[in-house]
Amino acid sequence: MTATTLAQEIQDAAIDFGDLESEYRPMLKLVEQLIGVVPNCDPYLEIWPTGFRSYNLLVPNLLNLPASLVGAGAPKELVGLAMYVSSRAAECMYCSAHTCSFALRRGASPDALVGQYSGEEAAVVRVAEGISRFPAYLPRSDITDLRKYRSDAEIEWLVLSVAMMGFLNKFMDTMGIELEQSAIDDVADLISATGWKVGKHGWSDEDLDEFTDQLEGRPLQIPNPDPQVNGATNGNGNGASPGYAQVPTDGLGTYLKVMRQAPAALRLERGWTKGMASRTGNVVVTLEDELGFAPSALAHLTHNRAIRAIGTVIRDNLNPETTALGLGPKCLVALVYGRMAGNDVLVAEAVQMTERLAPEISHNKLAAVSRFATSDMTTTTVPAGLTTAEAAAVMLAKAAAPSPSEINQITIANASSALGPAQLVELVTWLSIQQLLHRIQVFYDADGRFDEDD
C-alpha cells in the first residue's frame, strides 16, 4: 500500500506501546484520564525521544495540570473550548477530535462546541481562532473584549493552551497520525455536523469518511440528563452506546486518578527539566548562555511552570549531541516557517540561531532559502548549494508550514528518500515548536502592552 501520510511511511519504526508503557506509564495514564485514550502519536514521537519528552513537558505545564482540574488558572471549560476552536481553525482533524473530548470532559457545553456561544465564550473563541489561523489575524479589540471577562493571568493560561495546541496541531496534521476509533466514537455525532471529518487520519477504515458524510448536517441534539431517558449510566459509558452524550465529565474520581499518577510523572519531569530555571529572566539567561539566543516570546510570559517547560524544550531540541537531523537544517526550517507565517520576530531569531549554532551556513544560503520559502510552490526550485539534508528539510518545511499542511505523496517520497524516521520526527517536532512560539508572539504583538510607545 502506498503511504498517504508521513506516519504511514515510517510506521515500521514506531515504538511499541508496551515499551512505552514500561518506561512512561504515568505520563500515558495521565493523558488517558484527560481524553479517554492513549494517543497514537506517542509511538511516533518516541522514534526521536526528545520529541516525546517535548510533548510530555508541554501538555501538562501549558495546561497547568493537575491544578487546573480543581479551579486554578482559567476556567477549564473555557480552556477546553479554546483548544478545540484553535484546532478547528488550524484544520487539524486529529486534534479537533481529542480537544472536543477534552472540552466535554472539562464541562464545556455541547452548544459551544457547535458554535452557539455566550458572550464570554465568543470572546475566547475570537482570540483562539485569531492566533491559530494561517496567516494569523488578531485585532487588539478582540483582546480588549476578552479582558471584560478574564484577568491577564487567566488570559495567559488561555493563550498558553492555544500555543500548546499549535505544537500538537502541526505535528498531528503534518504526520497524518491515525485517529483512534474510540476518539471518533466519542465526538463524531456532535461535530460532524459542523464539517469535521476524519480525513487522512482514518487510514485503517475505508468507511470513516462515508460515516462522517452521513452525519454531516445532522442537527445537534442535547442529551437529556435523565439516565432513564437517554440510556446513559452516569456518563461513564457502561451499557451505553458510544457518542458525546456518554463522555464523562470531571468529578472527584477524575482528580484522584490523575493524582495517583502525578508523583511518578513529576519525577520524570524533574529529570527532564534539570538545570533549567523557572523564572523568565533566568530561563532567558540559561538559553543565551547555552545556545547564544532565547526566543523573545518567553519575555511576555509570567507563569513559571510554562516558562520552564518551553525553555527546556528549546534547549533540548537544539542539543548538538542528540540531534539526528543536524542544527543547520533546523535553523533553515525555522527560517522557512517564520517567513511563511509572516512572523518577522521568528525570522530574525532564525538568522540569529544560524549565526550562533550553524555558522557554516552562509548569508547567501540564508537569503536563498528565505526567497524559496515565500515563492510559488508550483514553480519554485530548491536553492542550489544545499546539502541533501538541508534540501529535504526546507522542502518538507515549506509543504508543512501552512495550516492545514500541504503534504502529498510526492512530498512524502522526497522527504523519506533523504531523511530517516528519527530525522523526520525531529524536523516535524521542531516545526511544531515554531508554531507554538508563533501563536504566543501573535497574541502579544496584537496586545501591544509591551510596545515602547505605550
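Arg 106 lies over the face of Phe 102, at 4.6 Å from the ring centre, a charge being counted over a ring if NZ of Lys or CZ of Arg is within 6 Å of the ring centre and within 35 degrees of the ring normal. Lys 398 is placed over the face of Phe 372 in turn, at 5.5 Å from the ring centre.

The model is a predicted one, in which local features need pLDDT of at least 70 and side-chain atom pairs count only at pLDDT 80 or more, whereas totals for chains, interfaces and linings use all residues. Residues are numbered from 1 along each chain as its sequence is written, and side-chain values use heavy atoms, with hydrogens and water left out.

Rings of Phe, Tyr and Trp (its six-membered ring) pair if their centres lie within 6.5 Å, and planes under 30 degrees apart count as stacked, over 60 as edge-to-face and the rest as tilted; the count by this rule comes to five aromatic pairs. The centres of the Tyr 24 and Phe 52 rings are 4.5 Å apart and their planes are at 40°, so this pair is tilted. The pair links distant parts of the chain, since Tyr 24 belongs to helix α2 (residues 17-35) and Phe 52 to helix α4 (residues 49-62), 28 residues apart, where helices are DSSP runs (H or I, at least four residues) numbered from the N terminus. Both Tyr 24 and Phe 52 are buried, that is, under 20% relative accessible area with a 1.4 Å probe and protein chains only. Tyr 24, Phe 52, Tyr 55 and Trp 272 form one aromatic cluster.

Leu 69, found in the loop between α4 and α5 (76-89), is buried with a relative accessible area of 10%. Its contacts (heavy atoms within 4.5 Å) include Leu 34, Arg 106 and Tyr 255, not counting residues up to four places away in sequence.

A cavity is a set of points on a 1 Å grid over the protein atoms alone where a 1.4 Å probe fits but cannot get out, and lining residues have an atom within 4 Å of a point. Grid points are joined across faces, edges and corners, and a volume is the space filled by probe spheres set on the points. Two of the cavities are set out below.

| Largest | about 230 Å³ | 18 residues |

α6 (93-105) gives the most to the lining of the largest cavity, with five residues.

Notes:
Helices (H or I, at least four residues) and strands (E, at least two) are DSSP runs, numbered from the N terminus. Buried means under 20% relative accessible area, exposed over 50%, partly exposed in between (1.4 Å probe, protein chains only). On a 1 Å grid over the protein atoms alone, a cavity is a set of points where a 1.4 Å probe fits but cannot get out, and a pocket is an open set with protein on both sides within 12 Å along at least five of seven lines; lining residues have an atom within 4 Å of a point.
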